[in-house]
Every structure is written in C-alpha cells, then in structure tokens.
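Thanks for making time this morning. I would like to walk you through one model, beginning with a helix and ending at a metal site, so please keep the sequence and the structure in view while I talk.

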Amino acid sequence: MRRVRHTDTSPEKMIRALLFKKGYRYRKNVRSLPGKPDIVFKSRHKIIFIHGCFWHLHRDCNFYRLPRTRRDFWMPKLEGNRKRDTETRRKLRRNGWKILVAWECELRKMDCVLNKLIKFLGKP
Ligand SMILES: [Zn+2]
C-alpha cells in the first residue's frame with residue numbers, strides 16, 4: 001500500500017511544479033485553514049486538494065484495491081477520512097473558498113487534469 005498522507009507526496013509535487021511553471025503562485029499546506037489544504041490561491045480564494053484514491057476513498061475508482069484482510073479495520077477508518085473531507089469542504093465553502101479536488105487516478109492523464117485546474121483557477 002502506498003503512503004500518500006505525508007506532506008510532500010509526489011502527485012502534489014507534480015501538480016504544484018506544473019502550476020508554478022504556468023505562472024501560478026500559491027501557498028502549500030496552509031495550516032490556518034480547515035483541512036490544511038494542499039494548494040491555496042489566496043487572492044483568488046481558491047483551493048486545490050490532491051486526494052489519494054485509497055486514503056480518501058474515491059468511489060468507483062479502479063486505481064486502488066481495498067485490502068482483502070482487515071476490512072473491518074480499514075473501512076471505518078477510510079469512511080472517517082471521507083466524512084472529514086466532506087466536512088472540511090463544507091467549512092471552507094462557508095468561508096467563501098472555491099474548491100477543486102484532483103484525484104490521484106486522474107493524474108495519469110496529466111493534460112486533462114492541468115486543463116481542469118487552469119479552467120478552475122482562471123488565467124495565471
Ligand atoms: Zn481515483
């Protein structure tokens with residue numbers, strides 16, 4: 001199983017590097033905001049989360065496989081993560097933030113993701 005929870009996971013790094021190259025400036029892992037969002041565009045009031053499919057329980061996703069053993073250990077844990085994500089997004093939206101979630105599995109088509117992000121963010 002891959003660890004995707006620590007701060008500088010490679011999908012995040014990859015996305016950040018691409019956005020930086022395009023001319024976007026942002027803050028990362030902003031502790032003062034709920035959920036410590038991965039990429040924050042303060043002046044635009046926009047946030048991007050890069051979610052690992054397993055840890056954030058991406059529905060209908062073929063990218064990861066749930067462990068066969070100890071499901072009753074994993075499921076509540078992962079459902080908990082998912083619930084917390086929902087709650088985090090709700091809090092942020094209530095404070096006027098616009099949010100986009102990019103999933104790990106989407107990063108296989110980096111061009112598509114990048115287009116999606118740029119559409120969401122607007123011009124650099
Ligand atoms: Zn996925």
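This is a predicted model: local features need pLDDT of at least 70, side-chain atom pairs count only at pLDDT 80 or more; totals for chains, interfaces and linings use all residues.

Let me start with α2, which has 24 residues and reaches 34 Å from its first C-alpha to its last, close to the 34 Å expected at 1.5 Å a residue, where the expected span is 1.5 Å times one less than the number of residues. Residues are numbered from 1 along each chain as its sequence is written, and side-chain values use heavy atoms, with hydrogens and water left out. Helices (H or I, at least four residues) and strands (E, at least two) are DSSP runs, numbered from the N terminus.

Which residues of α2 are buried? They are Trp74, Leu78, Asn81, Asp85, Thr88 and Leu92, where buried means under 20% relative accessible area, exposed means over 50%, and partly exposed lies in between, with a 1.4 Å probe and protein chains only. An α-helix has 3.6 residues a turn, so residues three or four places apart point the same way. The buried residues of α2 pack against β3 (46-51) and β4 (98-103), and after the helix comes Gly96, with a positive phi near 90°.

Within this helix, which spans residues 71-94, I would pick out Thr88, which counts as buried at 11% relative accessibility. A polar atom of the Thr88 side chain lies 2.8 Å from the backbone oxygen of Arg84. If we leave aside neighbours within four places in sequence, Thr88 is in contact (heavy atoms within 4.5 Å) with Pro34, Gly35 and Phe49.

Turning to strand β2, residues 39-41, we find Val40, buried with a relative accessible area of 2%. Val40 and Leu92 are 52 residues apart in sequence and 11 Å apart in space, C-alpha to C-alpha.

Most residues other than glycine have a negative phi, and most peptide bonds are trans. Leu57, however, has a positive phi near 50°, and Asp60 has a positive phi of about 50° although it is not a glycine. As for burial, Leu57 counts as buried at 2% relative accessibility, whereas Asp60 is exposed, with a relative accessible area of 82%.

Finally, which residues are the protein donors of the zinc ion? They are Cys53 (SG), His58 (ND1), Cys61 (SG) and Cys105 (SG), lying 2.0 to 2.4 Å from it; donors are N, O and S atoms within 2.8 Å of the metal (3.2 Å for Na, K and Ca), and water is not among the atoms, so sites may look incomplete. In sequence the donor residues are spaced C-x4-H-x2-C-x43-C. The arrangement is tetrahedral because the four donor atoms subtend angles of 103 to 118° around the zinc ion, and four donors count as tetrahedral if all angles lie between 85 and 135 degrees. Cys53 is buried at a relative accessible area of 0%, Cys105 is buried at 14%, and both His58 and Cys61 are buried.

Terms used:
Four donors count as tetrahedral if all angles lie between 85 and 135 degrees; four count as square planar and six as octahedral if opposite donors are over 155 degrees apart and all others between 65 and 115; anything else is irregular. A polar contact is a pair of N or O atoms within 3.5 Å; within protein, one must be able to donate a hydrogen and the other to accept it, and residues adjacent in sequence count only if both atoms are side-chain atoms.
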